[in-house]
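Subject: The structure you asked about

Hi,

Here is the structure for you to open and turn around. Have a look at it first, then read my notes.

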Amino acid sequence: MQFSGGNRKRLRLGGDQRNACYPHSLQFYLEPPSENISLIEFESLAIDRVKLLKTVENLGVSHVKGTEQYQSKLEAEIRRLKFSFRENVENEYERRRRDHISHFILRLAYCQSEDLRRWFIQQEMDLLRFRFSILPKDKIQSFLKDSHLHFEAISDEERSLREHEIIASSTSSSASKSELELESVYKIPFADALDLFRGRKVYLEDGFAYVPLKDIVAIVLNEFRAKLSKALALTARSLPAVQSDERLQPLLNHLSHSYTGQDYSTQGNAGKISLDQIDSLSTKSFPPCMRQLHKALRENHHLRHGGRMQYGLFLKGIGLTLEQALQFWKQEFIRGKMDPDKFDKGYSYNIRHSFGKEGKRTDYTPFSCMKIILTNPPGQGDYHGCPFRHSDPELLKQKLQSYKISPDGISQILDLVKGTHYQVACQKYFEMTHNVDDCGFSLSHPNQFFFESQRILTGSKDIRKESIQPEAPQPKPSVQKNKDASSALASLNSSLEVDMEGLEDYFNE
């Protein structure tokens, strides 16, 4: 893909050629675009794609994925931003082209770190899940073939021989014989269906999994995630060549460092809480993941490294200073009969390191919900992680009972957890513990839980960060530094500032 300062004449394609380029409303993005586009279009497509993925994220943590409300709101946003979503729609070529090019543009922006890649992959997977869910059944086989997924539907005779076993093993307990007769069943190598096998949700025979049509999406998403993860790693290797282009670097930096969500670094919030407040705040305003860490620390006077990182950065984000953090952890560890000198030698360095005062001088930011859920699962003797994701359902039920959640509320939360809607479950917990019908925000960060809780409980804006700007690992280039660039670049940077301001307002709506 090449870029120019002005508008280039686009290659005109006939109807058959257009259909061959984009035969479906969804794709695996296996081939990069090869046409020339202007810098203005590059910028516009990138910003629209980020808006779409941010909507996917917000809807995913405020609604149960796949519900009618979730589907209708996401479809409305895709329509508004003019991206493809349905088959058999006339004049879809331009929408599919926008979808194709914008995806590859964001690969350049979101391949730069593990957190960025994780966020991008998750939102793209959710978008693909939505599009696949509305893909006509008669188009699925051709889509699988075009995506290089060689999954063939078994014959009616073969399906009838295994009908009982397939229904019994299905992910849906309401699956019936009549439903199975109406849909295809795919014979897939066992290694490609590990997620379904792990959950005991698929019938296995002679090294093959027999997957009904309604469950094939899990296989498709796994393949998509693997391919996209590998592609992002390859993109990262070639990134220096792209970043050397002064026309693109400002936009890519803005996209990658500003719009994956607030990072809740301390900035103007340091020193806003005292050590004496922590016990009280833990029961009133801490999310369950941090509440269980605080309780374990007070009871055991120790946390393992994963717990110290997760909890320590959370406390830093709500306002604990470096001096307060050193005092807090030292007092607690000494209560566990640890020698003060041992703490100073073995643990103080790590605390100072997390505040950017040692080692690489990286000022670490608190973990987001996505990072807690998807990385570093807790082992025996650990207390970090997400209780909704990593706790046994019975233990989670007991924990919610100890938090004085009503039986009906516990049932609602456990149903959400069973459906793997962990952030929605935490949001439901927030609404129940704060006695609100609708919290009015999409929960994506433990520190967001804390600040929103304080806003409701105290009505004070003092403890809540009034302006939280995500930190960039490297300084953002200024438009002023590019005075010697071409007039086209100057025009791009000028419009970039305006569009980025609009994008920031869009995310704060």
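Below is what I found, starting with the whole protein and moving on to details.

First, some ground rules: this is a predicted model, where local features need pLDDT of at least 70 and side-chain atom pairs count only at pLDDT 80 or more, while totals for chains, interfaces and linings use all residues. Residues are numbered from 1 along each chain as its sequence is written, and side-chain values use heavy atoms, with hydrogens and water left out.

**The whole protein**

You'll find 26 helices and six strands; these are DSSP runs numbered from the N terminus (helices are H or I with at least four residues, strands are E with at least two). Of the 509 residues, 48% are buried, meaning under 20% relative accessible area; exposed is over 50%, and partly exposed is in between (1.4 Å probe, protein chains only). The protein exposes about 25400 Å², and carbon and sulfur atoms supply 47% of that. Areas like this come from the Shrake-Rupley method with a 1.4 Å probe, and for residues only the protein chains shown count as cover. A contact means heavy atoms within 4.5 Å. Among contacts between residues at least 6 apart in sequence, 71% join residues at least 24 apart.

**Salt bridges**

Side chains of opposite charge can pair when their charged atoms come close. The rule for a salt bridge is a side-chain nitrogen of Lys or Arg within 4 Å of a carboxyl oxygen of Asp or Glu, and it gives 33 of them here.

Arg79 and Glu75 have their closest N and O atoms 3.3 Å apart, and both lie in α3 (residues 68-81), four residues apart, or about one turn. Arg79 is partly exposed at 46% relative accessibility, whereas Glu75 is buried at 14%. In α17 (residues 322-335), Glu332 and Arg335 are three residues apart, again about one helical turn, and their closest N and O atoms are 3.1 Å apart. There's also a network of salt bridges linking Glu35, Glu41, Glu94 and Arg97.

**Cysteines**

How many disulfides are there? Counting pairs of cysteine sulfur atoms within 2.5 Å, the answer is zero. For Cys386, the closest cysteine sulfur is in Cys289, 6.5 Å away, so it is too far for a bond. For Cys439, the closest is in Cys426, at 9.8 Å, which is also too far.

**Helix α25**

Helix α25 (residues 446-458) has 13 residues and reaches 18 Å from its first C-alpha to its last, close to the 18 Å expected at 1.5 Å a residue; the expected span is 1.5 Å times one less than the number of residues. Its buried residues include Phe449, Phe450 and Phe451. Among the elements covering the buried residues of α25 are α15 (288-300) and α24 (422-433). Just after α25, Gly459 takes a positive phi of about 65 degrees.

**A surface patch**

Finally, find Phe190, Leu194 and Phe197, which form a nonpolar surface patch with about 250 Å² of accessible area together. Patches are made of residues with over 30% relative accessible area and no salt bridge, joining like charges within 9 Å and nonpolar side chains (Val, Leu, Ile, Met, Phe, Trp, Tyr) within 5 Å. Phe197 lies in helix α10 (residues 194-198).

Cheers
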